[in-house]
Amino acid sequence: MGHEDRMREYKGPMVWTDNLTKAKITRTILAMSNTRDGGVIVVGMKEKSDKKFEPVGLSESEASTFNHDDMATHVRDYADPYVDFMVRRIDCDDRDFVLIQVKEFDEIPVICGKDGVNLRKGAIYHRSRTKNESAEVFSQSEMREIIEIATDKAVRKFLSRAEGAGLLARPVFQDHRAMFAKQMEDLP
(Lines give C-alpha, C1' and ligand atoms only; values in the text may rest on other atoms or scores of the structure.)
Protein backbone atom coordinates (compact mmCIF):
# COMPACT_ATOMS: atom_id res chain seq x y z
CA MET A 1 0.00 0.00 0.00
CA GLY A 2 1.49 3.37 -1.03
CA HIS A 3 1.62 6.56 1.02
CA GLU A 4 -1.32 8.08 -0.87
CA ASP A 5 -3.52 5.05 -0.14
CA ARG A 6 -2.67 5.23 3.56
CA MET A 7 -3.51 8.92 3.54
CA ARG A 8 -6.98 8.25 2.09
CA GLU A 9 -7.65 5.51 4.66
CA TYR A 10 -6.61 7.55 7.68
CA LYS A 11 -9.64 8.45 9.79
CA GLY A 12 -8.02 9.44 13.08
CA PRO A 13 -8.30 12.80 14.82
CA MET A 14 -7.09 15.78 12.80
CA VAL A 15 -4.15 17.03 14.85
CA TRP A 16 -0.94 18.66 13.67
CA THR A 17 1.15 16.23 15.73
CA ASP A 18 0.00 13.33 13.51
CA ASN A 19 2.54 12.57 10.74
CA LEU A 20 -0.12 11.80 8.10
CA THR A 21 -1.90 15.09 8.87
CA LYS A 22 1.40 16.96 8.59
CA ALA A 23 2.15 15.30 5.24
CA LYS A 24 -1.27 16.00 3.76
CA ILE A 25 -1.33 19.64 4.86
CA THR A 26 2.31 20.23 3.86
CA ARG A 27 1.65 18.85 0.37
CA THR A 28 -1.45 21.05 0.06
CA ILE A 29 0.45 24.14 1.24
CA LEU A 30 3.18 23.50 -1.35
CA ALA A 31 0.55 22.99 -4.06
CA MET A 32 -1.43 26.10 -3.19
CA SER A 33 1.71 28.23 -3.21
CA ASN A 34 2.11 27.26 -6.88
CA THR A 35 -1.49 28.18 -7.69
CA ARG A 36 -2.54 31.66 -8.85
CA ASP A 37 -3.73 33.61 -5.78
CA GLY A 38 -2.81 30.75 -3.43
CA GLY A 39 -5.66 29.24 -1.45
CA VAL A 40 -7.22 28.42 1.89
CA ILE A 41 -7.19 25.08 3.68
CA VAL A 42 -10.07 24.57 6.10
CA VAL A 43 -9.24 21.99 8.76
CA GLY A 44 -12.37 20.55 10.32
CA MET A 45 -14.22 19.48 7.18
CA LYS A 46 -15.06 15.82 6.52
CA GLU A 47 -15.22 14.47 2.98
CA LYS A 48 -18.36 12.43 2.44
CA SER A 49 -18.74 9.49 0.05
CA ASP A 50 -20.29 11.78 -2.59
CA LYS A 51 -17.05 13.87 -2.54
CA LYS A 52 -18.82 16.83 -0.90
CA PHE A 53 -17.58 18.24 2.37
CA GLU A 54 -19.39 18.45 5.68
CA PRO A 55 -18.33 20.92 8.40
CA VAL A 56 -17.70 18.81 11.50
CA GLY A 57 -15.25 21.07 13.33
CA LEU A 58 -12.40 20.23 15.67
CA SER A 59 -12.26 19.80 19.41
CA GLU A 60 -10.46 22.47 21.42
CA SER A 61 -7.52 20.13 21.95
CA GLU A 62 -7.32 19.23 18.22
CA ALA A 63 -7.52 22.87 17.10
CA SER A 64 -4.85 23.93 19.61
CA THR A 65 -2.25 21.68 17.93
CA PHE A 66 -2.28 23.87 14.79
CA ASN A 67 0.01 26.74 15.70
CA HIS A 68 1.85 28.76 13.10
CA ASP A 69 5.35 28.42 14.55
CA ASP A 70 5.32 24.61 14.66
CA MET A 71 3.73 24.38 11.23
CA ALA A 72 6.13 26.91 9.66
CA THR A 73 9.13 25.04 11.07
CA HIS A 74 7.90 21.79 9.56
CA VAL A 75 6.86 23.21 6.17
CA ARG A 76 10.12 25.18 5.85
CA ASP A 77 12.03 21.88 5.62
CA TYR A 78 9.97 20.86 2.57
CA ALA A 79 9.64 24.18 0.71
CA ASP A 80 12.33 25.47 -1.63
CA PRO A 81 12.15 28.45 -1.60
CA TYR A 82 9.92 29.39 1.32
CA VAL A 83 6.13 29.36 1.50
CA ASP A 84 4.20 32.23 3.06
CA PHE A 85 1.07 31.21 4.98
CA MET A 86 -1.05 32.27 7.96
CA VAL A 87 -2.86 30.05 10.46
CA ARG A 88 -6.06 31.20 12.13
CA ARG A 89 -8.58 29.51 14.38
CA ILE A 90 -12.21 30.44 13.92
CA ASP A 91 -15.44 29.52 15.62
CA CYS A 92 -18.43 28.90 13.37
CA ASP A 93 -21.75 27.59 14.69
CA ASP A 94 -20.07 26.63 17.97
CA ARG A 95 -17.46 24.51 16.17
CA ASP A 96 -13.75 25.21 15.92
CA PHE A 97 -12.00 25.27 12.55
CA VAL A 98 -8.45 26.06 11.52
CA LEU A 99 -7.90 28.17 8.40
CA ILE A 100 -4.53 28.06 6.68
CA GLN A 101 -4.27 30.86 4.14
CA VAL A 102 -1.49 30.18 1.64
CA LYS A 103 -0.03 32.95 -0.52
CA GLU A 104 1.03 32.44 -4.12
CA PHE A 105 4.83 32.14 -4.48
CA ASP A 106 6.75 35.44 -4.59
CA GLU A 107 9.13 35.02 -7.53
CA ILE A 108 9.76 31.40 -8.46
CA PRO A 109 7.65 28.25 -8.03
CA VAL A 110 8.07 26.23 -4.85
CA ILE A 111 9.75 22.85 -5.20
CA CYS A 112 9.57 20.12 -2.58
CA GLY A 113 12.93 20.20 -0.81
CA LYS A 114 13.02 16.72 0.70
CA ASP A 115 11.34 13.32 0.67
CA GLY A 116 8.60 12.59 3.16
CA VAL A 117 5.28 10.81 3.52
CA ASN A 118 3.56 11.42 0.17
CA LEU A 119 6.18 14.10 -0.61
CA ARG A 120 8.94 13.71 -3.19
CA LYS A 121 12.11 15.78 -3.26
CA GLY A 122 12.27 17.80 -6.49
CA ALA A 123 8.53 17.58 -7.18
CA ILE A 124 6.45 20.63 -7.99
CA TYR A 125 2.93 20.31 -6.61
CA HIS A 126 -0.13 22.24 -7.75
CA ARG A 127 -3.88 22.23 -7.20
CA SER A 128 -5.75 20.43 -9.93
CA ARG A 129 -8.58 22.28 -11.67
CA THR A 130 -10.47 19.05 -12.29
CA LYS A 131 -10.19 17.36 -8.88
CA ASN A 132 -10.02 18.52 -5.31
CA GLU A 133 -6.44 17.37 -4.84
CA SER A 134 -2.83 18.42 -4.63
CA ALA A 135 -0.82 16.64 -7.30
CA GLU A 136 2.58 16.67 -8.92
CA VAL A 137 2.90 18.61 -12.14
CA PHE A 138 2.83 16.01 -14.91
CA SER A 139 1.72 17.85 -18.04
CA GLN A 140 3.02 20.73 -20.10
CA SER A 141 -0.25 22.64 -19.58
CA GLU A 142 0.09 22.41 -15.78
CA MET A 143 3.72 23.54 -15.96
CA ARG A 144 2.85 26.31 -18.44
CA GLU A 145 0.33 27.76 -15.99
CA ILE A 146 2.95 27.92 -13.22
CA ILE A 147 5.54 29.40 -15.61
CA GLU A 148 3.04 32.07 -16.67
CA ILE A 149 2.54 33.11 -13.04
CA ALA A 150 6.34 33.40 -12.61
CA THR A 151 6.68 35.30 -15.91
CA ASP A 152 3.96 37.79 -14.92
CA LYS A 153 5.79 38.43 -11.65
CA ALA A 154 9.15 38.88 -13.40
CA VAL A 155 7.70 41.34 -15.93
CA ARG A 156 6.06 43.42 -13.16
CA LYS A 157 9.33 43.44 -11.22
CA PHE A 158 11.30 44.49 -14.32
CA LEU A 159 8.87 47.29 -15.17
CA SER A 160 8.95 48.55 -11.59
CA ARG A 161 12.75 48.61 -11.59
CA ALA A 162 12.91 50.25 -15.01
CA GLU A 163 10.48 52.94 -13.90
CA GLY A 164 12.42 53.48 -10.66
CA ALA A 165 15.63 53.88 -12.64
CA GLY A 166 13.96 56.47 -14.87
CA LEU A 167 14.04 54.26 -17.94
CA LEU A 168 10.28 54.36 -18.34
CA ALA A 169 8.18 57.49 -18.22
CA ARG A 170 4.78 57.23 -16.65
CA PRO A 171 2.07 57.97 -19.16
CA VAL A 172 0.47 61.34 -18.56
CA PHE A 173 -3.18 61.60 -19.40
CA GLN A 174 -4.54 65.07 -19.14
CA ASP A 175 -8.13 66.04 -19.40
CA HIS A 176 -7.93 69.49 -20.97
CA ARG A 177 -11.47 70.41 -19.87
CA ALA A 178 -10.65 69.58 -16.25
CA MET A 179 -7.43 71.62 -16.47
CA PHE A 180 -9.33 74.58 -17.95
CA ALA A 181 -12.01 74.36 -15.24
CA LYS A 182 -9.32 74.30 -12.54
CA GLN A 183 -7.66 77.38 -14.06
CA MET A 184 -11.03 79.15 -14.19
CA GLU A 185 -11.55 78.45 -10.48
CA ASP A 186 -8.26 80.15 -9.65
CA LEU A 187 -9.27 83.40 -11.36
CA PRO A 188 -10.54 86.25 -9.17
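Trainee: Where in the protein chain is confidence lowest, and where is it highest?

Mentor: This is a predicted model, and the protein chain averages a pLDDT of 87, with 89% of the residues scoring at least 70. Confidence is lowest in helix α1 (residues 3-9), where the mean is 40, and highest in strand β7 (residues 111-112), where the value is 97. Over residues 1-10 the pLDDT is below 50, and this stretch has 15 contacts in the model beyond near neighbours in sequence.

Trainee: How many residues does the largest nonpolar core have, and which have the most contacts inside it?

Mentor: The largest nonpolar core has 32 residues, and those with the most contacts inside it are I25, I29, L30, V83, F85 and I100. At least two residues of this core come from each of α2 (19-33), β1 (39-43), α4 (68-76), β5 (85-92), β6 (95-102) and α5 (140-164), and the largest share, five residues, comes from α2.

Trainee: Which residues is F85 in contact with, leaving aside its neighbours within four places in sequence?

Mentor: With those neighbours left aside, F85 is in contact with I29, H68, M71, A72, V75, I100, Q101 and V102.

Trainee: Why does E47 count as partly exposed?

Mentor: Partly exposed lies between the buried limit of under 20% and the exposed limit of over 50%, and E47 counts as partly exposed because its relative accessibility is 43%. E47 is found in strand β2 (residues 45-47) and, not counting residues up to four places away in sequence, touches K52 and F53.

Methods
Residues are numbered from 1 along each chain as its sequence is written. This is a predicted model: local features need pLDDT of at least 70, side-chain atom pairs count only at pLDDT 80 or more; totals for chains, interfaces and linings use all residues. Side-chain values use heavy atoms; hydrogens and water are left out. Helices (H or I, at least four residues) and strands (E, at least two) are DSSP runs, numbered from the N terminus. Buried means under 20% relative accessible area, exposed over 50%, partly exposed in between (1.4 Å probe, protein chains only). Contact means heavy atoms within 4.5 Å. A nonpolar core is a set of buried Ala, Val, Leu, Ile, Met, Phe, Trp, Tyr and Cys residues joined through side-chain atoms within 4.5 Å. pLDDT is the predictor's confidence in each residue, from 0 to 100.
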